Amino acid sequence: MKILVIAEHKNGALSEATRELFGLPFGQAEVHAVAAGEGVEPLAASLGQLGAAKVHLIDSPVLADGTGESLDQAIGQFIEQLAPDAVVVAHTPLGKDLAPRLAAALDAALATDCIQVNLDGGEVTVRRPVYAGKATAEVEFTDDSLKVITVRPRTVKAPEPDAARSAEVATVAVELPEQKTALREILAGGNERPDVTEAAIIVTGGRSLGSAENFSVIEDFADSIGAAVGSSRAAVDAGYRPYRDQVGQTGKVVSPQVYIACGVSGAIQHLAGMRTSKHIVAINTDPEAPIFQVADYGIVGDLFEIVPLLAEAAKNRNGN
Ligand SMILES: Cc1cc2nc3c(=O)[nH]c(=O)nc-3n(C[C@H](O)[C@H](O)[C@H](O)COP(=O)(O)OP(=O)(O)OC[C@H]3O[C@@H](n4cnc5c(N)ncnc54)[C@H](O)[C@@H]3O)c2cc1C
């Protein structure tokens, strides 16, 4: 079986979500990686150390901005040349844009947001959450068509790079037609904390925070443990947090190592965005709050008392 990993990168480094893809159980498969962009050559060494047997570089100034349109055309042409059995990309904003384009252009089978990928003896099955995370569907690919699979970040652990490994490197020439869209400008969000989709730990606050100012309790705790700050939709709707922090069905889907929900009731739409977190901690005054049904650890109490104590304990442990 031939598998192609699409490498996502920023500022000359592979994204963590791409690194994690090499932790999938590829078994005896022939693992290829493709990096498209401008000046992508330095990525080849990292991809080789993570486990790619062959790295294909599509280097073009047209790809510098990496829009879905240009990447789809470039990588699509390359996939036709390579003819892999499956293409794997992280379920990030880029992957979500690119994978359906590729599947449509190449008449491939598509499975998105997978939380398990099985590549057993040539048969490919995946598991993906459905009904806002209330159930998990097992999906079988039933014929030999190309399979395009997006994998939810933090589904698997990235392997340690092996400095002794290196990949065969090839450059790929593609012909790109005139583009219909162009990236004009990226307006930085001004958030110095990690994004909720990338963080290993998330501290989320809900409506109970009562004001944007009171979120400083959550921020202080998050900063003491290097976490991202998340928000329920109720807190976003009330104007306490920006939409980019919203976790849930109409916000972001996250799967961190630790998710700490402070004063969040655990509505089904919120759970849809965080129930695949590895460890869930809930702090809530109401012992009957639904969030406790999915929590591994629960504290019944007032977040305004408990969260500062946790922040203080973390700071003491850190020595500051
Ligand atoms: C179509 C649709 C999509 C939606 N998408 C999303 C989504 O993406 N994300 C999302 O979050 N919601 C979403 N919602 C909204 C969702 O249904 C809930 O209304 C929302 O999640 C509630 O937010 P909350 O838990 O902050 O507030 P509440 O439900 O009001 O819960 C507040 C909780 O705080 C507790 N509390 C109060 N004071 C304290 C205190 N001092 N200390 C500790 N605990 C305290 C209370 O006991 C309560 O459990 C969606 C709804 C719809 C209809």
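This is a predicted model: local features need pLDDT of at least 70, side-chain atom pairs count only at pLDDT 80 or more; totals for chains, interfaces and linings use all residues.
Which residues in α3 meet which residues in α4?

Residues are numbered from 1 along each chain as its sequence is written.

**View A. Contact of helices α3 and α4.** G68, L71, D72, I75, G76 and I79 in α3 meet D97, L98, R101, L102, A105 and L106 in α4, two residues being in contact if their C-beta atoms, placed from the backbone, lie within 7 Å. By class, this contact of α3 with α4 has seven nonpolar, two polar and three charged residues (Ala, Val, Leu, Ile, Met, Phe, Trp, Tyr, Cys and Pro count as nonpolar, Asp, Glu, Lys and Arg as charged, and the others, Gly among them, as polar). Helices (H or I, at least four residues) and strands (E, at least two) are DSSP runs, numbered from the N terminus.

**View B. Crossing geometry of two helix pairs.** The axes of α3 (residues 68-82) and α4 (residues 93-106) come within 9 Å and cross at roughly 45 degrees, where axes are lines fitted to C-alpha atoms, for helices over the stretch in contact, and angles run from 0 to 180 degrees between N-to-C directions. α3 and α4 are therefore oblique to each other, while the axes of α5 (residues 216-224) and α9, which also come within 9 Å, cross at roughly 25 degrees, and α5 and α9 are therefore roughly parallel (angles under 35 degrees count as roughly parallel, over 145 as roughly antiparallel, 65 to 115 as roughly perpendicular and the rest as oblique).

View C. Of the 28 residues around the ligand, G206, S232, R233, A234 and G248 come nearest, a residue being near if its C-beta atom, placed from the backbone, lies within 6 Å. At least two residues of this shell are supplied by each of α6 (233-237), α7 (268-274), β16 (279-284) and α9 (303-318), and by class the shell has nine nonpolar, 15 polar and four charged residues.

**View D. Position of A212.** A212 is found in the loop between β13 (201-205) and α5. Leaving aside its neighbours within four places in sequence, A212 is in contact with G239 and Y240. A212 and E305 are 93 residues apart in sequence and, C-alpha to C-alpha, 18 Å apart in space.
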